[in-house]
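Subject: Structure for you to look at

Hi,

Here is the structure I promised to pass on. Please open it and keep it on screen while you read my notes.

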Amino acid sequence: MKTVIVYALSLLIMASAIAAPGSSLQQKFNETFPNAKNVKWTDDKDGFFVSFTQNGNFKKALYNKDGDFVCSWKYTDGNDLPVNIIIKLNKKFEGSKILGVTEYTAGENILYNVKLSKGEKLYNLDILSDGTIARQQKFNTQVN
């Protein structure tokens, strides 16, 4: 029985070691996301997912199996949107309220998914970093 327990513990330790990212990946992560808190790594078939908080925002990042950055997501209230996007939203959706923003970064490309409300309408927008609205969905909140 002791042998079975020791064998099971050995397998568990080996599996944990395989799933954990290497120290060079953790160093890259710490350089890219300084002051990250509540860091949790998950091994995936595509690479390593990491979830964490930074500067009060919840974030996720994906690194491939070679340890290269693939993409990241940042979930915010919209207070840190770039000025050009805020100006565009204020002009096109005057009087609206931002409900939440997901900032998606892949390489040098950034996409902002903005959810906002205006009156009885909800909007789901994908906005490029230059302020171009790439996709817009509109929903009614009024129940008939």
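Start with a charged pair. D126 and R135 meet through their side chains in a salt bridge, at 2.9 Å from N to O. Keep in mind that this is a predicted model. R135 comes out at 34%, so R135 counts as partly exposed. As background, side chains of opposite charge can pair when their charged atoms come close.

How many salt bridges are there by this rule? The count is 6. Two others are worth a look.

- K65 and D43 join in a salt bridge of 2.8 Å, N to O. K65 is in the loop between strand 3 and strand 4, while D43 is in strand 1 (residues 37–44), so the pair links distant parts of the chain, 22 residues apart. K65 is partly exposed, at 46% relative accessible area. D43 is partly exposed as well, at 33%.
- E103 and K74 form a salt bridge of 3.7 Å, N to O. This pair also links distant parts of the chain: E103 is in strand 5 and K74 is in strand 4, 29 residues apart. Both E103 and K74 are buried. A network of salt bridges links K74, D80 and E103.

Now the nonpolar side chains. In soluble globular proteins, nonpolar side chains tend to be buried together. Here, the largest nonpolar core has 12 residues, including L81, I85, L89, F93, Y112, L125 and I133. Which elements give two or more residues to this core? They are helix 3 (83–92), strand 6 (109–118) and strand 7 (121–128). Leaving out residues up to four places away in sequence, L125 touches L89, F93, Y112, N113, V114, L116, I133, R135 and Q136. R135 in that list is the salt-bridge partner of D126. There is also a second, separate core of 8 residues, with L25, F29, F48 and V50 among them.

Some nonpolar residues are on the surface instead. L99, L122 and F139 form a nonpolar patch there, with about 250 Å² of accessible area together. L99 belongs to strand 5 (residues 97–106). L99 is partly exposed, at 48% relative accessibility.

Next, the rings. The whole structure holds 10 aromatic pairs. Take F58 and Y75: their ring centres are 5.8 Å apart and their planes are at 25 degrees, so the pair is stacked. F58 lies in strand 3 (residues 57–64) and Y75 in strand 4 (residues 69–76), so the pair ties together parts 17 residues apart in sequence. F58 is partly exposed, at 36%, and Y75 is partly exposed, at 30%. Elsewhere, ring pairs link F29, F33, W41, F52, Y63 and F69 into a cluster. F29 also belongs to the second core.

Last, find G67. Where is G67 placed? G67 is in the loop between strand 3 and strand 4. Is G67 buried or exposed? G67 is buried, with 7% relative accessible area. Beyond its neighbours within four places in sequence, G67 contacts L25 and K28. G67 and K28 are 39 residues apart in sequence, but their C-alpha atoms are 8.4 Å apart in space.

Best wishes

Notes: Residues are numbered from 1 along each chain as its sequence is written. This is a predicted model: local features need pLDDT of at least 70, side-chain atom pairs count only at pLDDT 80 or more; totals for chains, interfaces and linings use all residues. Side-chain values use heavy atoms; hydrogens and water are left out. A nonpolar core is a set of buried Ala, Val, Leu, Ile, Met, Phe, Trp, Tyr and Cys residues joined through side-chain atoms within 4.5 Å. Buried means under 20% relative accessible area, exposed over 50%, partly exposed in between (1.4 Å probe, protein chains only). Helices (H or I, at least four residues) and strands (E, at least two) are DSSP runs, numbered from the N terminus. Contact means heavy atoms within 4.5 Å. Patches are made of residues with over 30% relative accessible area and no salt bridge: like charges are joined within 9 Å, nonpolar side chains (Val, Leu, Ile, Met, Phe, Trp, Tyr) within 5 Å. Accessible areas come from the Shrake-Rupley method with a 1.4 Å probe; for residues, only the protein chains shown count as cover. A salt bridge is a side-chain nitrogen of Lys or Arg within 4 Å of a carboxyl oxygen of Asp or Glu. Rings of Phe, Tyr and Trp (its six-membered ring) pair if their centres lie within 6.5 Å; planes under 30 degrees apart count as stacked, over 60 as edge-to-face and the rest as tilted.
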